Amino acid sequence: YIRLAELRHSLGDEAEALRAWESAATANAGSVAAWKGLSQAAKLAGDEDLQRRAIQHLAKLEPRNIDHLLALSELQQKSAQGTTSAQAYLQQALRLAPPNSQLATQVQQKLAALAA
């Protein structure tokens, strides 16, 4: 399914690519590549709910991946759930970020901006 999804995407058939990524993720629940592909395809399709679900699954597969938490925070800021959920994801990312790192500083800045 992953190769089919990549082929559909390369041909510009985004609707079929999205369906193939959904099949790939369903058939391979533990595949980071399938869920990343689904997340990206959902983003291209403008389906924030599907994108959020895919990234949430990725966060379960890779719980120490800060990028997933940052992406979820950004999506939550756009949703009805708002800043509370976004802040929770950012706080989790901050706990994972190396202390005194540029990444930690960026996460702190995002938290401050949400609080303002």
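This is a dialogue on how to read the features of one predicted model.

Biologist: What should I know about the model before I start?

Modeller: The model is predicted, so local features need pLDDT of at least 70 and side-chain atom pairs count only at pLDDT 80 or more, while totals for chains, interfaces and linings use all residues. Residues are numbered from 1 along each chain as its sequence is written, and side-chain values use heavy atoms, with hydrogens and water left out.

Biologist: How many helices and strands are in the chain?

Modeller: Helices (H or I, at least four residues) and strands (E, at least two) are DSSP runs, numbered from the N terminus. Here the chain has 7 helices and 0 strands. Its C-alpha trace spans about 45 × 25 × 20 Å along the principal axes.

Biologist: What share of the residues in the chain is buried?

Modeller: Buried means under 20% relative accessible area, exposed over 50%, and partly exposed in between (1.4 Å probe, protein chains only). In this chain of 116 residues, 36% are buried.

Biologist: Which residues touch the most other members of the largest nonpolar core?

Modeller: A nonpolar core is a set of buried Ala, Val, Leu, Ile, Met, Phe, Trp, Tyr and Cys residues joined through side-chain atoms within 4.5 Å. The largest one has 16 residues, and Ile66, Leu70, Leu72, Leu90, Ala93 and Val107 touch the most other members. At least two residues of this core come from each of α4 (48-61), α5 (66-78), α6 (82-96) and α7 (102-115). The largest share, 5 residues, is supplied by α5.

Biologist: What does Val107 touch?

Modeller: Contact means heavy atoms within 4.5 Å. Leaving out residues up to four places away in sequence, Val107 touches Leu70, Leu90, Ala93 and Leu94. Apart from this core lies another, of 15 residues, among them Ala5, Ala17, Leu18 and Ala34.

Biologist: Where does Ala34 lie, and is Ala34 buried or exposed?

Modeller: Ala34 lies in helix α3 (residues 32-45). Its relative accessible area is 0%, so Ala34 is buried. With residues up to four places away in sequence not counted, Ala34 touches Ile2, Trp21, Ala24, Ala25 and Asn28. Ala34 and Ala54 are 20 residues apart along the chain, and their C-alpha atoms are separated by 9.3 Å.

Biologist: How many positive and negative side chains does the chain have?

Modeller: Lys and Arg count as positive and Asp and Glu as negative, with His and the chain ends not counted. The place of a charge is taken as NZ of Lys, CZ of Arg, CG of Asp or CD of Glu. This chain has 12 positive and 11 negative side chains, and the centres of the two sets lie 6 Å apart.
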